[in-house]
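Subject: The structure we talked about

Hi,

Here is the structure I promised to pass on. Please open it next to this message, and follow along as you read.

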Amino acid sequence: MHESNFIVREPLLDPKQRVIGYELSWQHHEGQPVTDEELEALIGFVAENVNDEEHGWLLKDKILFLDAVPNMLSTDALFAMPPERTVLTMKASDLADPDTLAAVQGLRAGGVGISVRDGDLAHLGKNLGMSASYIEVRFSGADVAAQARTYAAAKQSSVRMVGRPVTTWADFDACAALGLDAFVGKLHLTPRPGIPVKGMNPAQTIILQLMQMVQKNEDIPKIESVLKRDPALSYKLLRFINSAGFGVGREIQSLRQAITMLGYSPMYRWLTLLLATASTSGYSPVLMETAVVRGRLTELLGNKGLPRSESENLFMTGMFSLLDRLLGLSMKEVLDTIQLPDEVVRALLTRGGAYGPYLALAEACELNSQLVASLAKSINITPVDVNKAHLSALAWAQNLTT
């Protein structure tokens, strides 16, 4: 259950590389398959932590894919999830049972998505759309022509195809060309190949200058004068400070007011996010979202054992651990360019020091890694606290305005 297991996430991408949702599962232990009770517990835990009484669904437009088995199709926790944001993944063999099929069709009528796994796309029948909204297909680089014919036939129905495992951007492009609708793989840790760019672009240079000024607590008028050199950056700051999520009661139209209202520490965090999003090399939306989630997760995990005053450094450590891939630079080049606290540098280079173990745990949560349990134990964080922090970081990342 969630008292001893750890949540693992994998992003789902659409053909435009956007993150449309996440597949959440319990970490697989060797020789210990996930039980039906554990699958039911996962839905309950997720419903409790990403559905807020006041604010509703915290993941905004993201869809969650969760494994399911027949005897949990009527669990109360399932009905606590928004149906239009919930997709249950079931084995094709389960749908052969008339009672299960009837329960599935009832859920579909109520708006819950159903994804079919381990099914033969060519033989599932024309009525698949009545019981399923998605079907998993196993992509293989071999015999692409045959796959193209099969997928073309499936495109005639309303069922969307989810390709897996899609582990390279070349496979992603091939799947997109074949007409698949969504993709699951390890692309959240892989830069999108592009034209190599050496060094930072002009926007990044200004952002870096502002970060250094904020670090040194420069006077606000000096920071304002640098901001004015980049109209797009000035616009983003005003949009950010006036966003509903920030909670300013009146519209702020002055850069000086915006900087004063935001404050140095939050402004540094905002600039950190902008530095990554302003990249033109190795950038993909999924990599950026992964960096944001990792930054927030590192911070939340670190807050369990370190003073709150370390929050900004923890967030920076998590974000900057992917900055080399986002900027198309080596980590050494990143660290030569940006002056960071010694403990942050140590964590980035060796995963040591005060922040390193929390970064290593946040990274392990992105993979089905057996290290998660030992890393959490080494810094005295319970599985429940890790899982809560993980879902909280995921929700936080959806609500950013940059």
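Below is what I found in it, going from the overall picture to single residues.

First, a word on the source: this is a predicted model. The protein has 19 helices and ten strands. Of its 402 residues, 52% are buried. Among the contacts with a separation of 6 or more, 64% are between residues 24 or more positions apart.

**The barrel**

Eight strands close into a barrel, and their order is β1-β2-β5-β6-β7-β8-β9-β10, with mixed pairing. Direction ignored, neighbouring strands of this sheet are turned by 30° against each other on average.

You can walk through part of the barrel strand by strand. β5 and β6 pair in the parallel sense, over four bridges, and here D67 stands opposite T89 in β6. Next, β6 and β7 run parallel and are joined by five bridges; V87 has G113 in β7 as its bridge partner. Then comes β7 (residues 113-117), which runs parallel to β8 (residues 134-138) and is joined to it by two bridges. In that pair, V116 stands opposite I135 in β8.

β6 is worth a look of its own: five of its six residues are buried, so that strand is mostly covered.

**Helices on the sheet**

Which strands does helix α1 touch where it packs on the sheet? Helix α1 (residues 36-50) touches β1 (7-13), β2 (19-26), β5 (63-67) and β6 (86-91), and its direction makes about 135° with that of β2. Helix α12 (residues 285-302) lies across β1 and β2, and runs at about 155° to β1.

**Helices packing on helices**

Two packed helices are described by the angle between their axes and the distance between the axes. For helix α7 (residues 202-215) and helix α8 (residues 220-227), the angle is about 175° and the axes are 10 Å apart. Angles over 145 degrees count as roughly antiparallel, so α7 is roughly antiparallel to α8.

If you want to see the contact itself, show I206, Q209, L210, M213 and V214 in α7 together with K222, I223, V226 and L227 in α8. The residues of this contact divide into seven nonpolar, one polar and one charged. The loop between these two helices holds N217, which has a positive phi of about 55° although it is not a glycine.

Helix α10 (residues 255-262) has L255, A258, I259 and L262 buried. Why do they lie on the same side of α10? They cover an arc of only 95° around the axis, and that puts them on the same side. The buried residues of α10 pack against α8, α9 (231-241) and α11 (264-277).

D14 lies in the loop between β1 and β2. Is D14 buried or exposed? Its relative accessibility is 7%, so D14 counts as buried. Leaving aside neighbours within four places in sequence, D14 is in contact with I20, F172, D181 and F183. The C-alpha atoms of D14 and A182 are separated by 4.6 Å, although these residues are 168 residues apart along the chain.

K62 is found in the loop between β4 (56-57) and β5. At 7% relative accessibility, K62 counts as buried. Not counting residues up to four places away in sequence, K62 touches V19, I20, G21, Y22, W57, R85, E289 and Q398.

**Backbone details**

Where is the cis peptide bond? The bond from R164 to P165 is cis, with omega near -10°. P165 lies in the loop between β9 (160-164) and α6 (169-177).

Finally, have a look at N380, in the loop between α18 (371-378) and α19 (383-398). Phi of N380 is near 60°, a positive value in a residue other than glycine. With a relative accessible area of 71%, N380 is exposed.

Happy to go through any of this with you at the screen.

Best wishes

Technical notes: Residues are numbered from 1 along each chain as its sequence is written. This is a predicted model: local features need pLDDT of at least 70, side-chain atom pairs count only at pLDDT 80 or more; totals for chains, interfaces and linings use all residues. Side-chain values use heavy atoms; hydrogens and water are left out. Axes are lines fitted to C-alpha atoms, for helices over the stretch in contact, and angles run from 0 to 180 degrees between N-to-C directions. Angles under 35 degrees count as roughly parallel, over 145 as roughly antiparallel, 65 to 115 as roughly perpendicular and the rest as oblique. Contact means heavy atoms within 4.5 Å. Ala, Val, Leu, Ile, Met, Phe, Trp, Tyr, Cys and Pro count as nonpolar, Asp, Glu, Lys and Arg as charged, and the others, Gly among them, as polar. Two strands pair if DSSP finds at least two bridges between them. Buried means under 20% relative accessible area, exposed over 50%, partly exposed in between (1.4 Å probe, protein chains only). The arc is that of the directions from the helix axis to the C-beta atoms.
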